[in-house]
Amino acid sequence: MTVTAFPSPVAAAISSRERAIDGLRALAILGVVCGHWLVEGLSPGVGGGLVVDSPLRVAAWLAPLTWVLQMLGVFFLVGGYAAGRSLTRWRAGGGSDRAWLGRRFLRLAWPVVAAVALVTAALPVAGLAGAAPATLRTWAVLLVQPFWFIGIYAVVTALTPVAMRLDRRWGWVAALPMAGAVAVVDVARYGLHLVPDWAGYLTVVPAWMFTYQIGVAWARGGITRATAWRLLGGGAALFLTLVVACRYPLSMVTVPGAGRSNSNPPSLLVPALAAVQSGAAILLRDRFDRLLHRHAGLWTVVGVLNLCAMTIFCWHQTALVGVSAFAASLGRFAGLTDAPLAGGWVAQRFGWFPVLALALGLLVVLVRRFERPAPVVTARHRVLAVGVAAVFGAYLVTVY
């Protein structure tokens, strides 16, 4: 008697994927989630309800940890790699760039619209159930706070055909002028004081496009190990120069009350760290691939994280708010509902990570169906999206 084993849906979905690339993306996702959970403390405010504070405000020693947890450079690197491979295959099959971009944009927008719609419906219900207005405001703000990343990712994705043309002509070196543009703006802002602070936002696209361009070159096979070592060493040298000699802030994320930020808008420290992370990721790719081939369980976890990446990204802040609000209704819990002022708060917050992960897992199970867009996007879908955005936007304007 012959027994035929049928693969699970998850196993079938991840069987043809590049393990090392998915593994790097999973690390970047975990870095974002853990970073937000670590640097965002929710504690009762003066008028009741939960308000946001950060341990970075009083614990400067945490700054080096942001160099590890802020892995968006890796995310853009892998994004450029995946987009380069995908568009090449799409063109080979006779597809147009416009159709490819439409599919990509829809995959980015669909989970975001779903998250905003569901939270818009849940906010009045939570208010009627007794949630404080400050808590509802915090929930709404933290929900949309990470969406800037999706907007920038959509912009660089739209530039994928341009990035591929640049790569064909100049190779990975095409990324260097993008870092140079960030350097010019930094000199104009911080060195010569020629432009106002808002001019710093001119760096948003080139700062993140820098790593995306490297990913496109990597997909074509244009990054050798020698090039990866140059990225790693050159990025580290630039990073140290900016921090030590130029007195750039140490934290890669915004510190409440600080006069300068490396992330909002991006400073030259962003492409410097991204170069280090990119070089290391490229050098470690083969080892990472072997690791994920040896350990089937680890590969399954990585595969699930990738299949639910946008859902995790859109809902991890809601998990933090939900757990904190429920705990606050029961009392004060160290590392969760108290102000992040004590030296041991960070260690206590790490202790809550399993609870937060469980809450996020439950949310993912509930809303995972919105990870992939509908087969056909109708006029009703578009009207609903516009209506939800208008209502949620009006709410944010009101509470601010």
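This is a predicted model: local features need pLDDT of at least 70, side-chain atom pairs count only at pLDDT 80 or more; totals for chains, interfaces and linings use all residues.
Leaving aside its neighbours within four places in sequence, which residues is L72 in contact with?

Figure 1. Beyond the residues within four places of it in sequence, L72 is in contact with V32, W148, F149 and W208. L72 has its place in helix α4. Its relative accessible area is 10%, and L72 counts as buried because this value is under the 20% cut-off.

**Figure 2. The salt bridge between R85 and E18.** The side chains of R85 and E18 meet with a distance of 3.4 Å from N to O. The two residues come from distant parts of the chain, 67 residues apart. R85 is in helix α4, which covers residues 72-92, while E18 sits in the loop between α1 (9-14) and α2 (19-39).

**Figure 3. The salt bridge between E18 and R285.** E18, shown with R85 in the previous view, also forms a salt bridge with R285. Here the N to O distance is 2.8 Å. With a relative accessible area of 22%, R285 is partly exposed.

**Figure 4. The salt bridge between R57 and D53.** The closest N and O atoms of R57 and D53 are 2.6 Å apart. Which of the two partners is buried, and which is partly exposed? D53 is buried, at 15% relative accessibility. R57 is partly exposed, at 40%. The two fall into separate classes because buried means under 20% relative accessible area, and partly exposed begins above that range.

**Figure 5. A network of salt bridges.** R17, D22 and R25 are linked to one another through a network of salt bridges. How many salt bridges does the structure hold? The count for the structure is 7. Among the salt bridges shown in these views are those of R85 with E18, E18 with R285 and R57 with D53.

Methods: Residues are numbered from 1 along each chain as its sequence is written. Side-chain values use heavy atoms; hydrogens and water are left out. A salt bridge is a side-chain nitrogen of Lys or Arg within 4 Å of a carboxyl oxygen of Asp or Glu. Helices (H or I, at least four residues) and strands (E, at least two) are DSSP runs, numbered from the N terminus. Buried means under 20% relative accessible area, exposed over 50%, partly exposed in between (1.4 Å probe, protein chains only). Contact means heavy atoms within 4.5 Å.
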